[in-house]
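Please look over the sequence and the model below before reading on.

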Amino acid sequence: MIRKIQLTPENRQARLDQFLSQSLPEHSRSYLQKLIQSAAVTLDGKPITVNKYPLPDRGIVEINIPEIANNSVPTAEEFAFELLYEDQYMAIINKPPGVVVHPAPGNPDGTVVNALLSRYPELRSSELPDGSRPGIVHRLDKDTSGCLAIARTPEAQAKLCAAFAERATAKTYLALTAGVPCPACGRIENLIGRHPVNRQKMAIVQRNGKLAISEYSVKAAGFIARQKIALVRVKIFTGRTHQIRVHLASLKTPVLGDGIYGARYASAAPRQMLHAWQLAIPHPVSGEIIKVQAPIPEDFQALCQQLSAE
């Protein structure tokens, strides 16, 4: 499908990706940026592959939006997640631990997306910007539980994606850590990028990374089987891959059960003990701030109750 947009003097010097995001609200900016980078966007017939390209005051922008193949849409499966919020535009679920957010190699089904397609069949629409991830506006690791926002329309998906990208959301997590962070509260601000050796991991880097900001505070501490354990509240201001896990590991207090960043303590818990506890997000239509809190999972609670004074 080809979309054509006529430029006007008011568009002069606007960034191409921002202009497309405003002109095509049914698509997320990240999706439009991928189209730009793949040479699917032209200006007067010339491909433009730079997201920040400054637009002139006249001309015609054409966007070649690929059709979504039917086989790219996952199979609908029975919905069994706890709803924390729901209306005709969005929902927020309490994602259980052990569930992958969207299909990927090795996880073709049993994901949040499969369940969403059962409850919200309208998400099967080919107009959605990414047929394999309908409704998804942010992600949680497989073993992380808690608040996960869902879009129910293409317009809501674009708005919610933008809210996360522009840091208009507030996200607070709870973590159990192996060891007690010192000092007991603080702010961590650095760059996170791919690990220079193990490309499956993230790491704190000096360059070629993305800004990552977290604030933490110790809420309780004690011992489980002679191992010091802390319950830590973490508020994140950016959403980098594995951000909390990397930041807590940098304090030498990795998330309990994290086999990647705290392998020494991986057997101390059935999974990585990280829970997306609270989420505040602007509604995609009204702009009202929607605030929810996800109940703490049973396995997390069980470990908290085992904390003792030594």
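In this predicted model, the largest nonpolar core is made up of 30 residues, and Val112 and Leu116 are those with the most contacts inside it. Apart from this core lies another one, which has 18 residues, including Leu20, Ile36, Leu55 and Ile63.

**The largest core**

- At least two residues of this core come from each of the strands S6 (90-95), S7 (145-151), S8 (170-178), S12 (227-236) and S13 (274-282), and likewise from each of the helices H3 (112-119) and H5 (243-250).
- Helix H3 gives the most to the core, supplying 5 residues.
- When neighbours within four places in sequence are left aside, Val112 is in contact with Phe81, Ile93, Lys95, Val99, Val100, Val101, Leu148 and Ile150.

- Strand S4, which covers residues 59-64, has a covered face formed by Gly59, Val61 and Ile63, while Ile60, Glu62 and Asn64 form the uncovered face.
- In a regular strand the side chains alternate between the two faces of the sheet.
- Strand S1 (residues 2-7) pairs with S4 in the antiparallel sense over 6 bridges, and within S4 the residue that stands opposite Ile2 is Asn64.
- Strand S2 (residues 41-43) also runs antiparallel to S4 and is joined to it by 3 bridges, with Glu62 in S4 as the bridge partner of Thr42.

**Asn190, a buried polar residue**

- Asn190 belongs to strand S9, which spans residues 185-194, and it counts as buried because its relative accessibility is 17%, where the cut-off for buried is under 20%.
- The side chain of Asn190 makes a polar contact, at 2.9 Å, with the side chain of His247.
- Not counting residues up to four places away in sequence, Asn190 touches Ile204, Lys210, Leu211, Ala212 and His247.

**The cysteines**

- A disulfide is a covalent bond between the sulfur atoms of two cysteines.
- How many disulfides does the count come to in this model? The count comes to 0 disulfides.
- For Cys147 the closest cysteine sulfur is that of Cys304, and because the distance is 16 Å, it is too far for a bond; a disulfide would need the two sulfur atoms to be within 2.5 Å.
- Cys147 counts as buried, with a relative accessibility of 3%, whereas Cys304 counts as partly exposed at 23%.

Terms used
Residues are numbered from 1 along each chain as its sequence is written. This is a predicted model: local features need pLDDT of at least 70, side-chain atom pairs count only at pLDDT 80 or more; totals for chains, interfaces and linings use all residues. Side-chain values use heavy atoms; hydrogens and water are left out. A nonpolar core is a set of buried Ala, Val, Leu, Ile, Met, Phe, Trp, Tyr and Cys residues joined through side-chain atoms within 4.5 Å. Buried means under 20% relative accessible area, exposed over 50%, partly exposed in between (1.4 Å probe, protein chains only). Helices (H or I, at least four residues) and strands (E, at least two) are DSSP runs, numbered from the N terminus. Contact means heavy atoms within 4.5 Å. Two strands pair if DSSP finds at least two bridges between them. A polar contact is a pair of N or O atoms within 3.5 Å; within protein, one must be able to donate a hydrogen and the other to accept it, and residues adjacent in sequence count only if both atoms are side-chain atoms.
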